[in-house]
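The report that follows describes the fold, the packing and some local features of one protein chain. Please keep the sequence and the structure in view while reading.

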Amino acid sequence: MFIAYIDESGHPSDTNILTIACVVGKERKWIQLTEKWKRVLRRYRVSMFHMTEYENRAGEFEGWQQDKRIAFIADLAAILKNTMTYAVAASLSVEDWKETIGELIQKKARKDRFRYIAPYLMLFQECLQSTAESVKLSDDEAILCIADENNIAGNFVSRFCDSLIEGRPWANKFASVEFANKREIIPLQAADMVAYEAFKYAQRWDEHKNGLPRRKLMQNLAATGCITVGRYTRQDLEGFRNQMIEMEKFILQLEGE
């Protein structure tokens, strides 16, 4: 069995970019990653890896010297590179979303939290579809999706995924979608690393397209050529506006339950 671990970076209320990432690998590989990742955490006396805290030198990473920081993240990146078969990250500008598709949803949604849920659903859908189209499975294999349970979309994402997968040509590629705690499920910490790096890349999307080098960690992770990173442009979102009418109906149906 393949397992896809899904995490996000950014929050629609306090950042202009929202990113969701999905890392996929064989179940036995994730078991190996878990043991190796734990050993690195123990060696550096860290209880849990969280990319935002690491990047901002906060929490358990406060006061670390640069050499220690580089060695630590390089050790984790090497483990992840040797584990993942495929990874995908999708991003969008929250402002562009609000001014295009968001306006469509906000007109009828009676609760403010729904303006946060819809962009998550769109990016979640993109990650699932890309995974289904890119990961080659044998006839007896399927993909189990495990997402961070702290995702603000919560059960709405799970229920949306059930609706999304059902009836699709690639529906039989997925076993189920489950939620778990990042502290307990180590591969979710690996997904957090990819999500954060894709988030930083998407923040300067146009500059990267014009030649700005990627961050060293992203270059390292992408060296195997198995990571797909994308960002919806404003033009993309305007083009999807009509398609999102169906998503709006789904959200409003959930709101009425």
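Does Tyr201 count as buried or exposed? At 14% relative accessibility, Tyr201 counts as buried, where buried means under 20% relative accessible area, exposed means over 50%, and partly exposed lies in between, with a 1.4 Å probe and protein chains only.

The model is a predicted one, in which local features need pLDDT of at least 70 and side-chain atom pairs count only at pLDDT 80 or more, while totals for chains, interfaces and linings use all residues. Residues are numbered from 1 along each chain as its sequence is written, and side-chain values use heavy atoms, with hydrogens and water left out.

## Overall fold

The chain has 257 residues, of which 51% are buried, and its secondary structure comes to 11 helices and six strands; helices (H or I, at least four residues) and strands (E, at least two) are DSSP runs numbered from the N terminus. Among contacts between residues at least 6 apart in sequence, 77% join residues at least 24 apart, a contact being heavy atoms within 4.5 Å.

The six strands of an open sheet follow the order β5-β4-β1-β2-β3-β6, with mixed pairing, where two strands pair if DSSP finds at least two bridges between them. Its edge strands, each pairing on one side only, are β5 (174–180) and β6 (227–232). Neighbouring strands of the sheet are turned by 15 degrees against each other on average, direction ignored; axes here are lines fitted to C-alpha atoms, for helices over the stretch in contact, and angles run from 0 to 180 degrees between N-to-C directions. Strand β4 (residues 143–148) pairs with β5 in the parallel sense over six bridges, and Cys145 has Val177 in β5 as its bridge partner.

Helix α1 (residues 27–43) packs on this sheet, where it touches β1 (2–9) and β2 (17–26), and its direction makes about 110 degrees with that of β2. Helix α7 also packs on the sheet, touching β1, β2, β3 (86–93), β4, β5 and β6, with its direction at about 50 degrees to that of β1.

## Nonpolar cores

A nonpolar core is a set of buried Ala, Val, Leu, Ile, Met, Phe, Trp, Tyr and Cys residues joined through side-chain atoms within 4.5 Å. The largest one has 42 residues, and those with the most contacts inside it are Trp37, Phe49, Phe72, Leu80 and Met193. Helix α7 (residues 186–203) gives the most to this core, with nine residues. A second, separate core of 32 residues includes Leu18, Ile20, Leu128 and Val177.

Asp192 is found in helix α7 and is buried, with a relative accessible area of 4%. Leaving aside neighbours within four places in sequence, Asp192 is in contact with Asp7, Glu8, Phe49, His50, Met51 and Lys182.

## Aromatic pairs and charges over rings

A search of the whole structure finds 14 aromatic pairs. Rings of Phe, Tyr and Trp (its six-membered ring) pair if their centres lie within 6.5 Å, and planes under 30 degrees apart count as stacked, over 60 as edge-to-face and the rest as tilted. Two of the edge-to-face pairs are tabulated here.

| Pair | Centre to centre | Angle between planes |
|---|---|---|
| Tyr54 and Phe61 | 5.6 Å | 90 degrees |
| Tyr201 and Trp205 | 5.4 Å | 85 degrees |

Tyr54 is buried at 5% relative accessibility, Phe61 is buried at 0%, and Trp205 is buried at 11%.

Ring pairs link Trp37, Tyr44, Phe49, Tyr54, Phe61, Trp64 and Phe72 into a cluster. Not counting residues up to four places away in sequence, Phe72 touches Val40, Leu41, Tyr44, Val46, Phe49, Tyr54, Phe61 and Trp64.

## Positive phi in two loops

Most residues other than glycine have a negative phi. Arg45, in the loop between α1 and α2 (51–55), has a positive phi of about 60 degrees although it is not a glycine, and at 77% relative accessibility Arg45 counts as exposed. Arg57 is found in the loop between α2 and α3 (66–81); its phi is near 55 degrees, likewise a positive value in a residue other than glycine, and Arg57 is partly exposed, with a relative accessible area of 39%.
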